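This report describes selected features of a predicted model. The sequence and structure are shown first.

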Amino acid sequence: MSNKINGAEALIKSLINEGVDTVFGYPGGAIIPVYDKLYDYTTQLKHILVRHEQGATHAAQGYARATGKTGVVIVTSGPAATNVITGLSDALMDSTPLVVITGQVASSLLGSDAFQETDVVGIVHPVTKWAIQIRRAEDIPAAVARAFYIAGNGRPGPVVLDIAKDAQVGMLDWEPQTCDYIRSYLPVPEINSADISEAARMLNLSERPMIISGHGVMIAQAEKELQMLAEKADIPVATTLLGLSTMPSDHHLYKGLLGMHGNIGPNYNTNRADVILAIGMRFDDRVTGRLDKYAPQAKVIHIDIDSSEFNKNVKAALTIHADARQALEALLPKINQTRRTEWLESFEPCEKIETEKVINPEVYPTEGMMKMGEVVNKVSRAFENKAIGVTDVGQNQMFGSRYFRFTQPRSLLTSGGLGTMGFGLPAAIGAKMGCPEREVVLFVGDGGFQMTIQELGTILEYGTAVKIVLLNNNFLGNVRQWQQLFYHGRFSQTPMINPDFVAICAAYGIKGEDVTEREQLDDAIERMVKSDSAYLLNVNIDPTDMIFPMIPLGAAVDEMMINANEMFKL
């Protein structure tokens with residue numbers, strides 16, 4: 001019996017076959033056949049109508065990062081396809097699995113400069129793991145299966161399927177397709193047991209080892225194995241920005257965030273460690289500072305599923321090409337149980353200085369205007385450190401990353417490698433849709449908020465209960481800080497005249513309030529926490545507030561400013 005359906009329906013059925021239950025998108029002419037068939041599958045596939053295609057990609061990223069699933073986006077051709085480029089770039093940099101489906105003009109019109117025609121595959125090739133144009137209906141099921149395999153296996157990333165309109169309306173005999181092997185693609189390499197043994201030998205002999213936990217630990221769901229290894233060998237753990245929440249923030253071996261605005265202890269002791277076990281991270285310049293002064297005493301063991309990251313920035317003594325969880329599982333039995341009391345105690349003087357010089361003035365001020373750090377700290381505690389924190393990019397991101405606390409994995413979502421302003425709001429929406437049982441709180445600045453503010457319409461339509469903490473200093477704060485410190489206070493194009501954000505949210509049916517004085521903050525946070533719906537706190541922040549510590553460009557990781565006038569000294 002014939003089971004003929006058109007390509008658009010084959011696409012929908014293929015997505016459902018991959019376990020997809022939520023997609024983010026925006027319709028248009030070249031993708032209408034898909035949206036027409038979507039009408040018949042609303043009970044199986046929930047479509048989230050965003051307000052801009054860039055918002056669709058960031059929402060899908062938030063969904064993917066919060067759940068561990070592959071995010072899915074459907075948009076039309078031309079400007080819609082070009083609007084997803086930022087999200088694709090962000091997803092590639094941050095190893096986020098996405099399948100983005102774009103409509104395309106009919107095959108007969110390709111190359112004719114038809115209405116809303118763009119060379120999608122040519123444009124997205126540098127910012128995807130794989131991209132293909134589909135011109136025949138019968139090719140859709142296999143392409144979808146291949147796309148999900150590539151996006152979600154190995155080092156995850158974005159994939160684009162550009163589907164011509166005639167492929168969407170053409171007929172085919174439907175059969176579900178699966179993909180679990182591609183001859184030219186080995187997503188999970190076989191572990192070299194000799195490398196594992198050598199890594200164990202190096203760690204067992206070390207006196208001052210340190211673990212750097214990166215995003216690869218989260219992707220591999222290796223948080224448990226990381227904690228077991230650290231506890232067995234008594235090794236301090238620090239994280240990259242995207243590695244945040246791979247260790248509970250109250251764990252005695254967790255020493256904090258590394259990098260430009262990271263914690264003093266792990267930054268300082270990076271240059272005193274004798275072995276560094278780096279797991280699922282890429283030694284980004286914001287982590288390493290000046291490369292020729294980075295970890296001069298350490299032998300680096302680098303575990304990564306992507307061999308292109310080996311020796312790219314930092315020379316490793318040993319590289320282990322492997323999935324993070326598999327590598328840690330293999331390493332655990334070979335590691336000696338030990339105690340490193342003296343080495344762990346070496347972090348304490350750094351922590352004392354940071355508490356006195358940085359944390360207390362920022363988190364517990366008693367006078368003056370409100371600080372970002374105190375707001376983040378109070379919000380985190382009000383949610384009992386159990387919420388998913390999402391940040392935008394800028395000072396709000398750094399304060400959020402430093403002072404938000406977590407007890408569960410996948411609890412801090414941010415745009416790392418690309419640093420995309422506007423990421424926060426749609427990503428928070430996607431995270432809440434992926435994890436409706438968890439509270440999701442967004443920390444965002446007045447600049448980034450306005451870049452994707454139209455996604456308040458998505459909250460209006462779906463009642464997504466995202467809590468928004470707008471850290472409003474009427475400046476592009478991160479740039480302002482650099483202008484203050486390094487450009488003689490010449491605030492070129494960083495002051496902002498802002499609208500009434502509470503009134504704007506009210507127009508979208510979102511509750512909100514202005515918090516102008518410190519005395520109002522606790523009660524306002526309590527009202528936000530108790531709200532069952534979306535809520536905005538527009539908090540009036542000191543415009544002179546700056547994020548410290550700070551490693552200036554060109555400085556080593558242990559050369560940190562602890563305020564505008566003082567360098568760290570032990």
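## Leu 161 in strand 7

Leu 161 belongs to strand 7, which covers residues 158–164. Its relative accessible area is 0%, so Leu 161 is buried, the cut-off being under 20%.

Beyond its neighbours within four places in sequence, Leu 161 is in contact with ten residues that include Val 99, Val 100, Ile 101, Thr 102, Trp 130 and Ile 134, together with Ala 143, Val 144 and Ala 147. Ile 132 is also in contact with Leu 161; the two C-alpha atoms are separated by 5.4 Å, although the residues lie 29 apart along the chain.

## Helix 7

Helix 7 comprises 13 residues (140–152) and reaches 18 Å from first to last C-alpha, close to the expected 18 Å. Of its 13 residues, 10 are buried, among them Ala 143, Val 144 and Ala 147, which are also contacts of Leu 161. Gly 154, which follows helix 7, has a positive phi near 70°.

Six strands, ordered 16-15-17-18-20-19, form an open sheet with parallel pairing. Strand 16 (412–413) and strand 19 (511–515) each have a single partner strand and stand at the edges, so one side of each lacks a neighbour in the sheet.

Strand 17 (residues 440–445) and strand 18 (residues 467–472) run parallel and are joined by five bridges. Val 444 has Leu 470 of strand 18 as its bridge partner.

## Helices on the sheet

Helix 24 (residues 518–530) packs on the sheet and touches strand 18, strand 19 and strand 20. Its direction makes about 170° with that of strand 19. Helix 17 (residues 372–382) lies across strand 17, strand 18 and strand 20 (535–540), at about 165° to strand 18.

Conventions: Residues are numbered from 1 along each chain as its sequence is written. This is a predicted model: local features need pLDDT of at least 70, side-chain atom pairs count only at pLDDT 80 or more; totals for chains, interfaces and linings use all residues. Side-chain values use heavy atoms; hydrogens and water are left out. Helices (H or I, at least four residues) and strands (E, at least two) are DSSP runs, numbered from the N terminus. Buried means under 20% relative accessible area, exposed over 50%, partly exposed in between (1.4 Å probe, protein chains only). Contact means heavy atoms within 4.5 Å. The expected span of a helix is 1.5 Å times one less than its number of residues. Two strands pair if DSSP finds at least two bridges between them. Axes are lines fitted to C-alpha atoms, for helices over the stretch in contact, and angles run from 0 to 180 degrees between N-to-C directions.
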